[in-house]
Amino acid sequence: MKRLFILFAIAFLIAPALLAEDNSGDDFFNEDSVEAPSGAKTTAAPDEALDKESITLSGEIQALGSYTLTRDFVFGYTDMDDNALSYVLSGDFLLDARLRKGFRAFLDLSVGYSSTGMPMTHNYNVLMVVPPGGPPLPTPGTLMLVSEDQSLAIGLKELFIDFNIANAVYFRLGKQVLRWGTGYLWNPTDLINIEKKSFLDINALRQGNFGLRVDFAFARAFHLYTYVQLEGAEDFSQMAVAGKAEFLIGQVETSLSAWWKGGKIPVFGWDISAPLFLSIDFHAEAAVSWGDNFDKMATDGSISHIRDQLVARISAGLSRSFTVGDIDNRVILNTEFYYNSSGYEENMFDVLSSANLITFLSGYYRPNDYGKYYGLLSVTINKFLVSQLTFTLSGIGNFSDMSFVAVGDFAYAPVYNFTIDFKIISYIGLNNREYTIAPTVDGMSSLSLKNNMFGATLSCSVKF
Amino acid sequence: MIKKISHAAHKAGIRTFYEKDAPGENGFPRPVREVYMTFKTIALLIFGLAAALPLAATPSVQEIIDKIDQSYQIKSDITAQVKITTRDPDLGGTKIIEAVYYRRDSDDAFLIVMIAPDTDKGNGYLRVGDNSWFYLSKSRAFQHIGRGEKIGGSNVTAEDVETRKFKELYKPALDKNGKEIISEQMIGKIPVYKIEITAKVVDVKYPRRIMWLTRDKYLVLKEEYYSLSGTLLGTGYSKNYKEVDGRYIPLVSKFEDAIEKDNVSIMEITGISFAKVDDFKFDKRYLESLSK
């Protein structure tokens, strides 16, 4: 009987093994590792790192060299002196000082150094003149614009303080950069930021402007953002005010905005972002006003104010990422179009006199917003040939004067937080067009015009 | 009939009922007892196997998928601090990312924000219902993204830590005969089911998966991830499951990239709480306030 029982037990125990296939598994496991002991890792505040006093220093240091070949050099009309060589060391140092409950201060200090000097312009008010006997001088009280080559430039891009009330109303006071609008490069509703995005480095840290931002988080589906711009304001009439109401409706995020400043024409805006079919993301942004706050120069050099007509600036774009070679997001495609109803139809670089062109460049020309029709296309390939290499082919074009810039960008990261970036740039189009011309203003009266053909930049950057 | 069998057996040299021997138990002659014992032994072995069979009887893959949803859908809110250690020899070694995440399955809300290293601090991912945003602290921009966005350059994605809805995303894979693919295996000394599932929808990171789950509580211990073309993309492991009101969350997970060999990410929950999470934390403005 005992023997029978043993046989029965053996059969019962070996049955699963007989039916199962042994999987040698992985040394990640042992028999005690499936379930954690009761109370394991349980803590009262695992998110305390988000609400504790801290000071964080981070930033980026970059060394960049560039060389640009002019068309005259490429076609043999001039020698290498016509080309432009420059090299710059720059850095952004970010200090984030946090207290509890979201109270904090932030600083972005930028430093730039160039051994050949960077052109800087200064506005001076003449206070007194040297007694007669010297060279002619401006009279007291006049405004004098002086340009100099400066080797070292230190700037404060941002300096602000954050605080909030019950995580429902958020305040930011100081010099700050705002993200306003959904556009990739063109943000027609952004009348606040001083420095616009650069095509060659869209995510670069920008110069902020001084103001007070107040955000109201009423609900996940509704936010109200307001901004009072105090930059350069000496009284209330010189302040600008902007507001944006943002709504989330299903998978569509849309907002209505408005901007107003004393003595200026109010501008109304709308933007939208939404996923479409086939995993394509869509965004669009539009700003309209009755008249234009930006004056235009006519071909004879006279200045005209755009009034009593509808002025619209519209951008729209698509983006999508693709899985290639079984790697997610290996290829990323971005495209955007921009329309400026108040853009120049004439080729101002060709028709204006030298003196008028200097005035045009210093006061009436805005890069990437000069003509009527623009377009941008960017294709990024991650893990290009090797896992550390990213290749981006991008182009921007002014379809009004048919000039373009095409860039091939190789970014290699041999270790975390270090990148070597090599760009090849081609300037396409006829001479004296927006993206081919390279005007150089020497002082305020001497203008030399060159046209670029090719360029190359090499940079190394370290993030910390 | 028994006589004929016995006669044939006798001719073959096998002892049978009718050989005259000393009487044995139960009044049968010894040979009969021996045969009886042999039959009885065989019967007991078969019975023993049969008795064990109901325990080895496997559930359907669809039942397991349903159980996974039940096991992983946490009723309470979760706050956790995680450490993701990524080893990528091509990028010079190891990178350690620390993040905090909040999760509420009841309204499909999820937020993860990086707290270390300083170069990635403030980057985050927010999901509320059908809407997902990735926040890049450098540009202060929110982007609508898909599920496959990687966290801090690791192989861990938001899909790995937020609610899984297997029922909505996956269905049982079928073999050539149209049957669900399921078998019983062992991982070390741990008995598991091995199942194969395929995606029902397009918007998933892995169109096909092979999973190894414990047989008692259907806890996923190992997964192989495949592309549509059948290429092995990686292998994931999970252990140290923490039980919360009958639901389970793994405290340690590991991912081995099959495309980029030697690229391994290990995610550990270093602290966890199930206290209620304030609603304002699942908001874009809150995520932005945590950034630079």
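This is a predicted model: local features need pLDDT of at least 70, side-chain atom pairs count only at pLDDT 80 or more; totals for chains, interfaces and linings use all residues.
Colleague: Which residue forms a salt bridge with A:Arg172?
Modeller: A:Asp162 does, and the closest N and O atoms are 2.8 Å apart. A:Arg172 is in strand 6 (residues 169–176) of chain A and A:Asp162 is in strand 5 of chain A, so the pair ties together parts that are 10 residues apart in sequence. Strands (E, at least two residues) and helices (H or I, at least four) are DSSP runs, numbered from the N terminus.

Colleague: What else does strand 5 of chain A contribute to?
Modeller: Strand 5 gives the most to a nonpolar patch, with 4 residues. A:Leu156 lies in that strand and is one of the residues making the patch, which covers about 610 Å². Strand 4 (104–125) and strand 5 (143–165) each supply at least two of its residues. Patch residues have over 30% relative accessible area and no salt bridge; like charges are joined within 9 Å, and nonpolar side chains (Val, Leu, Ile, Met, Phe, Trp, Tyr) within 5 Å. Accessible areas come from the Shrake-Rupley method with a 1.4 Å probe, and for residues only the protein chains shown count as cover.

Colleague: Switching to the interface, how much area do chain A and chain B bury between them?
Modeller: About 7500 Å², with 56% of it on carbon and sulfur atoms; buried area is the accessible area (1.4 Å probe) that two parts lose on being put together, summed over both. A:Phe28, A:Arg220 and A:Tyr416 supply 12% of what chain A buries against chain B, more than any other three residues.

Colleague: And how many residues are in contact?
Modeller: 80 residues of chain A and 95 of chain B, contact meaning heavy atoms within 4.5 Å.

Colleague: How many salt bridges cross that interface?
Modeller: The rule finds 11 between chain A and chain B. One of them joins the side chains of A:Glu60 and B:Lys138, at 3.5 Å from N to O. Helix 1 (residues 2–19) of chain A provides the largest share of the side of chain A that touches chain B, with 8 residues.

Colleague: Where is the cis peptide bond in chain B?
Modeller: It joins B:Ala116 and B:Pro117, with omega about 0 degrees. B:Pro117 sits in the loop between strand 3 (109–116) and strand 4 (124–128) of chain B.

Technical notes:
Residues are numbered from 1 along each chain as its sequence is written. Chains are lettered from A and ligands numbered from 1 in the order in which they are written. Side-chain values use heavy atoms; hydrogens and water are left out. A salt bridge is a side-chain nitrogen of Lys or Arg within 4 Å of a carboxyl oxygen of Asp or Glu.
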